[in-house]
Amino acid sequence: MNKLFITGGAGFIGSAFVRMLLDEAPGYEIINFDALTYAGNLDNLDNLDAKRHRFIRGDIANRAEVLATLDEGTDAIINFAAESHVDRSIASADEFLRTNIIGTQVLLDAARERGVKRFVQISTDEVMGSLPEDDAAFFTESSPYEPNSPYAASKAAAEHLVRAAHHTFGLDTVVTRCGNNYGPRQFPEKFLPLMISNALRDEPIPLYGDGRNVRDWIYVEDHCRAILLALEKGRAGEIYNIGARNQRRNIEVVETVLRLLGKPTSLVRPVKDRPGHDRRYAIDPAMVEAQLGWRPQETWESGLAKTIEWYRQNAEWVRRARSGEYREFYAKQYGMEVGSV
Ligand code: NAD
Ligand code: TYD
């Protein structure tokens, strides 16, 4: 049995990865280490095989907690844990620096101390900044670091620390950088689940600026399959950009979702643009395709249909995610109450 120490496994992508491993990869057992911030949700881990999965609440920036949980004989750490929302990083960067930077260094140190064989850092295309709007340019593994938001800067810093641990101490590391994920169990502060949740309740959908910003969307399980390949076959010290060749303007995404839900486009509410809003992300996945043999399995149409269906069926999950602290964030961010309509 391969022993994995997965951080952030109660969040959106981490929990999808844990589920996928338990369903499709019988050779792994998992310690799932997560601080359960507002974005972490134990509902995301319902009905998992307790023989192969153990949840432990803990903070990656707390060295003592990490060392108390990380066993000798751990085959790999996969670091999903992060503060992940750009708008929150603009409001306050403190937690982003603590979790995304200090937390990553604590895990790298702990990996060396416990003789962990491989360290996989889950990163983002946002470390490479923004591409010109109508250009055929793509992000590749050799694109320069040009992070534009405090979130992206903290993730870029984490990548530098991972690189340094490989270069200086010979730690076996792999970095994966993905574009915008979508799928079940994504916290409704992110654009796609926000628009689905609001549309289902006939609430306005805030669209930043002119709505022409481009994101490169990927279904969460396709991202998770690429991470598994990077874990099993990735070259030490390598970075892999992961994308499904699926660029869309935000306005197109909202209109598609509204059409699929049978809701009017009058729900779209243009609001003030995000400061420093990156114009376009687009990933060239040639390297992950060639080296690891990865291909996405979902199309935009099939992935969106699954995602919308999940949010339709899980109104109670959304209601719980949108209660509590999120209500304050929403009121400050958009100047309107959640569920105010
Ligand atoms: P998420 O916000 O849904 O989940 C983050 C998880 O990390 C939560 O369960 C939270 O409780 C946990 N966490 C936060 N701080 C912690 C700490 N100090 N110690 C332990 N656990 C902590 O995020 P996500 O969308 O699932 O993203 C997962 C990873 O993937 C992140 O590293 C993010 O930067 C990266 N990523 C996300 C996307 C995307 O589209 N969502 C795209 C590319 C990369
Ligand atoms: P988001 O889901 O926050 O991901 P990221 O900023 O990391 O790409 O946003 C996706 C796109 O949607 C981005 O261009 C910002 C835009 N957006 C809105 O137009 N309205 C919103 O309320 C949010 C949250 C995002």
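The dialogue below covers a ligand site, then a cavity.

A: This is a predicted model, in which local features need pLDDT of at least 70, side-chain atom pairs count only at pLDDT 80 or more, and totals for chains, interfaces and linings use all residues. Residues are numbered from 1 along each chain as its sequence is written, chains are lettered from A and ligands numbered from 1 in the order in which they are written, and side-chain values use heavy atoms, with hydrogens and water left out.

Q: Which residues come nearest to ligand 2?

A: A residue is near if one of its heavy atoms lies within 4 Å. Of the 19 residues around ligand 2, the nearest are Glu126, Arg215, Arg274, His277 and Tyr334.

Q: Which backbone atom lies 2.9 Å from a nitrogen atom of ligand 2?

A: A backbone N or O atom of Pro206 does. Tyr208 places a backbone N or O atom 2.8 Å from a ligand 2 oxygen atom. For Asn250, a polar side-chain atom lies 2.9 Å from an oxygen atom of ligand 2.

Q: How many cavities of 30 Å³ or more does a search of the whole structure find?

A: Rolling a probe the size of a water molecule over the atoms shows where empty space is left. On a 1 Å grid over the protein atoms alone, a cavity is a set of points where a 1.4 Å probe fits but cannot get out; lining residues have an atom within 4 Å of a point. The search finds one.

Key:
Polar contact = N/O pair within 3.5 Å; in protein donor to acceptor, adjacent residues only side chain to side chain. 1 Å grid on protein atoms, 1.4 Å probe; cavity = no way out; pocket = protein on both sides within 12 Å on 5 of 7 lines; lining within 4 Å. Points joined across faces, edges and corners; volume = space filled by probe spheres on them.
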